[in-house]
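Visitor: Hi, I'm new to this one. Could you put it up and walk me through it?

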Amino acid sequence: MFRNNWEKHELIELFARPLNDLLFQAQSSHRDFFDPNEIQLSTLVNIKEGGCPEDCAYCSQSARNDTDIQAKPMMHLEQILLAAKAAKKIGATRFCMGAAWRSPRAKDFPKLLSAVESVKALGMETCATLGMLSVDQARALKDAGLDYYNHNLDTSPEYYQQIITTRTYQHRLDTLAHVRDAGIHLCCGGIIGLGEGVEDRAGLLLTLANLPRHPESVPINMLIRVKGTPLEAGAELDPFDLVRTIAVARILMPGSWVRLSAGRTGMSDELQALCFHAGANSIFYGNMLLTAENPEHQKDQALFQRLGLRAQEEIKSEHPSACAHQ
Ligand code: SAM
Ligand code: DTB
Ligand code: SF4
């Protein structure tokens, strides 16, 4: 029922369709698997800020970029739990812990496992994004109760080298396989606005949709231009390219949650509404992403009210794509 044999030319054709036709097709796919008026809410917390050894050209937390972010030690368990309780109180169902690491260090691992267990015990879905994982690390996180792991491919295999040189596309695919094999849901997407072309947006979505199984969650980030990074002064992105990328993601992966991710503070309500129409049905919720700002939750609630959208309240244990992939 779900395809993972897409060809590049099919995606290029989708991207080139008149916007109304593309939106109609995306909205139709969306309604096959989801309530079109329900939005899933995830809250992020940065449990280890700055000082990252990787050289991702977009990132405020790379030690190689001259940004305002300084390296800090990992957060204490109590602080993480306070943040999770606050996220639950404002209505988030998933709590995502991010760390500026190439991969987790052995000495931090027991604390990470306790954080996952304690957040899970609050009745929230758990997510983490900690860089590359080994098979054993993925298994241990699963045993602690980790529901989702976020690890993005960021862009196409061809454009990737322009953005990151300290780890390869294959490294990323290996981590995705370790996460999958451990039985953790995958959250994997990318960024647009890196200076890539439409072939690269197609190349990213092609790789995601042709994985053995579609990621359950697909974050589409719009580049936040951070002062002191190599991408600080790149060309402005046409917002319709964001809408098209979301629509194509929705058509290719109809049973996945597509998340309108970084960059919402710079988007109008109208652009966000168009992204929801194109098939986005998840957001990061709460006033901070990792180091960058995100809309205040009251602002999102007011937008939901105006658009007749509802926040997902119940965590669904069964994912829409679960049976279709078997
Ligand atoms: N260090 C871990 C890693 O890279 O896997 C986890 C955190 S990392 C910040 C998570 C993702 O956030 C990146 O893969 C990238 O897609 C996104 N991201 C980071 N900085 C961004 C920015 N300035 N604008 C948009 N997205 C960004
Ligand atoms: C994802 O795809 N986007 C989030 C999350 N996964 C970890 C991160 C966005 C980061 C935006 C820039 C910042 O806050 O530093
Ligand atoms: Fe490090 Fe992740 Fe930022 Fe890359 S995106 S520099 S790995 S924190």
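Guide: Happy to. Let's begin with helix H5 (residues 135–144), where Gln137, Ala138, Leu141 and Ala144 are buried. Buried means under 20% relative accessible area, exposed over 50% and partly exposed in between, using a 1.4 Å probe and protein chains only. Helices (H or I, at least four residues) and strands (E, at least two) are DSSP runs numbered from the N terminus.

Visitor: How are the buried residues of H5 placed when seen down its axis?

Guide: They fall within an arc of 125°, so they line one face of the helix. The arc is that of the directions from the helix axis to the C-beta atoms.

Visitor: And which residues are exposed on the other side of H5?

Guide: Asp136 and Asp143 are exposed there. Over the buried residues of H5, the cover includes helix H4 (109–121) and H6. Just after H5 comes glycine 145, with a positive phi of about 110°.

Visitor: Before we go on, what kind of model is this, and how do I read the numbering?

Guide: This is a predicted model: local features need pLDDT of at least 70, side-chain atom pairs count only at pLDDT 80 or more, and totals for chains, interfaces and linings use all residues. Residues are numbered from 1 along each chain as its sequence is written, chains are lettered from A and ligands numbered from 1 in the order in which they are written, and side-chain values use heavy atoms, with hydrogens and water left out.

Visitor: Thanks! Which residues of H10 are buried?

Guide: Asp300, Leu303 and Phe304 are the buried residues of H10. Seen down the axis of H10, these residues lie within an arc of 100°, so they line one face of the helix. Gln305 and Arg306 are exposed on the face turned away from that buried side.

Visitor: What covers the buried residues of H10?

Guide: The cover includes E1, H9, strand E9 (282–284) and strand E10 (310–311). After H10 comes glycine 308, which has a positive phi near 70°.

Visitor: Is arginine 264 buried or exposed?

Guide: Arginine 264 counts as buried, at 2% relative accessibility. Aspartate 300 is buried too, with a relative accessible area of 2%.

Visitor: How many salt bridges does the structure hold?

Guide: There are 17 salt bridges. One of them joins glutamate 54 and arginine 167, whose closest N and O atoms are 3.5 Å apart. That pair links distant parts of the chain, 113 residues apart: glutamate 54 is in the loop between strand E1 (38–48) and helix H3 (77–90), and arginine 167 is in the loop between strand E4 (148–150) and helix H6 (169–181). Glutamate 54 is buried at 2% relative accessibility, and arginine 167 is buried with a relative accessible area of 8%.

Visitor: Which residues are linked with Glu54 in a network of salt bridges?

Guide: Arg102 and Arg167 are linked with Glu54 in that network.

Visitor: Changing topic: where is cysteine 52?

Guide: Cysteine 52 is in the loop between E1 and H3, and at 9% relative accessibility cysteine 52 counts as buried. Leaving aside neighbours within four places in sequence, cysteine 52 has contacts (heavy atoms within 4.5 Å) with Gln61, Ser62, Ala63, Ala100, Trp101 and Arg102.

Visitor: Last one: at what angle do the axes of H2 and H9 cross?

Guide: The axes of helix H2 (residues 19–33) and H9 cross at roughly 60° and come within 9 Å. Axes are lines fitted to C-alpha atoms, for helices over the stretch in contact, and angles run from 0 to 180 degrees between N-to-C directions. H2 and H9 are therefore oblique to each other; angles under 35 degrees count as roughly parallel, over 145 as roughly antiparallel, 65 to 115 as roughly perpendicular and the rest as oblique.

Visitor: Which residues make that contact?

Guide: Leu23, Gln27 and His30 of H2 meet Leu274, Phe276 and His277 of H9.

Note on methods:
Salt bridge = Lys/Arg side-chain N within 4 Å of Asp/Glu carboxyl O.
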